Amino acid sequence: MPDIKLFNGDVLEIIKQFESKSIDLIFADPPYNLSGENYLTCRSGKISKCDKGLWDQIENINEFNRKWIEECIRVLKDNGTIWISGTLHNHPSIGTILKQLNLWIINDIIWFKPNATPLIQKNRFVPSTELIWLAGKSKQYYFNYDLAVKLNNGKQMRNLWEIPAERHKTIHPTEKPEKLLERIILIGSNEQDIILDPFMGSGTTGVVAKRLNRNFIGIEIDETYYCIAQKRIENTQIENNLIQFLRKLTDKNSGQLDFYSTIAKIRNY
Ligand SMILES: C[S@@+](CC[C@H](N)C(=O)[O-])C[C@H]1O[C@@H](n2cnc3c(N)ncnc32)[C@H](O)[C@@H]1O
């Protein structure tokens, strides 16, 4: 049974108690800093101020990003990877810090949402992408290339990922699709590895980690979201049939299998 540890508090405080070089993979979906007077969004067909919550209004975003990334790098194993998602409001800051900390930037993954919400203002292109920085501490990092190819029907996987935004399962305003996390966790880790999400939100990373038989540590500052994540992860079971199938798929002699149609059969879609 995977070991799940959840914390309700500020990542900058909580993470100090974690051992150095103890984590295999970090997925971080930090505040994007796009809430506030100057940002507009479209809600129920009307223009309104963008307000994801107080957690999304940070005075000095560069200082904040630097502090939590430094701590994440301290707890990451030497061959571990960190995956950080964001939009244009935050990813220049993140990219600069990764460079300043001398990390090895492996990829910038573009997550394309073909069903992104249309724009009411007719003054720009419809935002329909998010960027995920993928970095390691050196060039010796864990990356399951063979599995990535198998997940992509035998072709090399590119850094443009077309994954539709999903109907949210919780009230969290920025819940990520489980399919996105499934791909990251499968390619970036093994069964029994330890996955950390320092900004757990509704618990998506924890749900997928548990399902795929990975251990999980999640931190969330907001008590309501923390409780939602806790319940959601508690109600998740390991997907034993899927794990058996993935073990076969990871076997180098398994040949090509149609990953998603087999998963659909396993899950009775
Ligand atoms: C972009 S959301 C993450 C959403 C998550 N990936 C999901 O699928 O639900 C960022 C989360 O970080 C939390 N947060 C913001 N500042 C934090 C801090 N200093 N420590 C821990 N959590 C924080 C927010 O409350 C919010 O739920």
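Me: How do you know that Q192 is exposed?

Reply: Q192 counts as exposed because it has 11 C-beta neighbours inside 10 Å, and a residue is exposed if 12 or fewer other C-beta atoms, placed from the backbone, lie within 10 Å of its own, buried if 20 or more do, and partly exposed in between. Q192 lies in the loop between helix 5 and strand 9 (194-197), where helices (H or I, at least four residues) and strands (E, at least two) are DSSP runs numbered from the N terminus. The model is predicted, so local features need pLDDT of at least 70 and side-chain atom pairs count only at pLDDT 80 or more, while totals for chains, interfaces and linings use all residues. Residues are numbered from 1 along each chain as its sequence is written.

Me: Why is helix 5 called largely enclosed by the rest of the structure?

Reply: Helix 5 is so described because 9 of its 11 residues are buried. The buried residues are L180, L181, E182, R183, I184, I185, L186, I187 and G188. In the chain of 269 residues, 34% count as buried.

Me: What makes helix 5 oblique to helix 6?

Reply: Helix 5 (residues 178-188) and helix 6 (residues 204-211) pack at an angle of about 55°, with their axes 9 Å apart. That angle makes helix 5 oblique to helix 6, because angles under 35 degrees count as roughly parallel, over 145 as roughly antiparallel, 65 to 115 as roughly perpendicular and the rest as oblique. Axes are lines fitted to C-alpha atoms over the stretch in contact, and angles run from 0 to 180 degrees between N-to-C directions.

Me: Which residues make the contact between helix 5 and helix 6?

Reply: Helix 5 contributes E178, L181, E182 and I185, and helix 6 contributes T204, T205, V207, V208 and A209; two residues are in contact if their C-beta atoms lie within 7 Å. By class, this contact has 5 nonpolar, 2 polar and 2 charged residues. Ala, Val, Leu, Ile, Met, Phe, Trp, Tyr, Cys and Pro count as nonpolar, Asp, Glu, Lys and Arg as charged, and the others, Gly among them, as polar.

Me: How do you know that L12 is partly exposed?

Reply: L12 has 15 C-beta neighbours inside 10 Å and therefore counts as partly exposed. L12 is placed in helix 1 and, leaving aside neighbours within four places in sequence, is in contact with K67 and W68.

Me: Which residues come nearest to the ligand?

Reply: D29, F199, G201, S202 and T204 come nearest, of the 19 residues around the ligand; a residue is near a molecule if its C-beta atom lies within 6 Å of it. Helix 1 (11-14) and strand 10 (215-220) each supply at least two residues of this shell. By class, the shell has 8 nonpolar, 5 polar and 6 charged residues.
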